[in-house]
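Please read them with the model open.

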Amino acid sequence: MKILTTQRLTLAPWQPSHLDELRRMAGDERVVRFVGDRRPWSAALSEARHEAALDHWARHGYGWRAALDHRTGEFTGLAALTHREPGEFGTGVAAIELGWWVEPHAWGRGLATEIACAVRDEAFLDHHAELVLTRHQEGNAATARIIAKLGLVHHHSAEDVTQDHRLIHVHVLDRTSFLAARPTCAYRTA
């Protein structure tokens, strides 16, 4: 399992020791205000998602990463790559979903864009994804701006019963378009 580095962050593979950070973040209403039913996660839900993230690594060889500040080692958020089957989210092909969360104390510094860019590049360069996707709930303008910076384009919008019937926007980027754009925010591996 590679460690990724960006200009300011170390993106380390998700470990059992990251459960406390997930509980703290997922329990913060500011972090989850555009996630699922927009309510803080219970301890049981955080534990279930944590276990699923560890299992995903074992099954797919990629998954969630802890975003750690280079200078201090402080946990600043998480990055996520999630395998999606062809029938999920209406893409018709297997895809890797990108996701990210940043601790509220670190908002406004561009870290979410840095994380998202790194996992986009990882999906295409290391895991040879044919398609990446990401989703966001209606009203999440900050995430919509990051998605546009990453080069993903709107695929469709739909009411999502798994997200408390919120309108969800799905954006995609295919491998050919990614390679043609020759992105400049590639990460380094350690």
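1. Strand β5 (residues 95–102) and strand β6 run parallel and are joined by two bridges; strands count as paired if DSSP finds at least two bridges between them. E97 of this pairing stands opposite L133 in β6. Between the two strands the chain passes through helix α3 (residues 111–125), and this β-α-β crossover is right-handed, that is, with the strands pointing away from the viewer, the path from the first strand over the helix to the second runs clockwise. Strands (E, at least two residues) and helices (H or I, at least four) are DSSP runs, numbered from the N terminus.

2. This is a predicted model: local features need pLDDT of at least 70, side-chain atom pairs count only at pLDDT 80 or more, and totals for chains, interfaces and linings use all residues. Residues are numbered from 1 along each chain as its sequence is written, and side-chain values use heavy atoms, with hydrogens and water left out.

3. β6 also pairs with strand β8 (residues 166–174): seven bridges join them, and they run antiparallel. Q137 has I168 as its bridge partner in β8. Six of the seven residues of β6 (residues 131–137) are buried, so the strand is largely enclosed by the rest of the structure. Buried means under 20% relative accessible area, exposed over 50%, and partly exposed in between (1.4 Å probe, protein chains only).

4. Which residues of helix α4 (residues 141–150) are buried? They are T143, I146, I147 and L150. Seen down the axis of α4, they fall within an arc of 100 degrees, so they line one face of the helix; the arc is that of the directions from the helix axis to the C-beta atoms. These buried residues pack against β5, α3, β6 and β8, where contact means heavy atoms within 4.5 Å. On the other side of α4, R145, A148 and K149 are exposed. G151 follows α4 and has a positive phi, near 90 degrees.

5. The structure holds four aromatic pairs. In one of them, W14 and W64, the ring centres are 5.2 Å apart and the planes lie at 85 degrees, so the pair is edge-to-face. Rings of Phe, Tyr and Trp (its six-membered ring) pair if their centres lie within 6.5 Å; planes under 30 degrees apart count as stacked, over 60 as edge-to-face and the rest as tilted. W14, W64 and F75 form one aromatic cluster.
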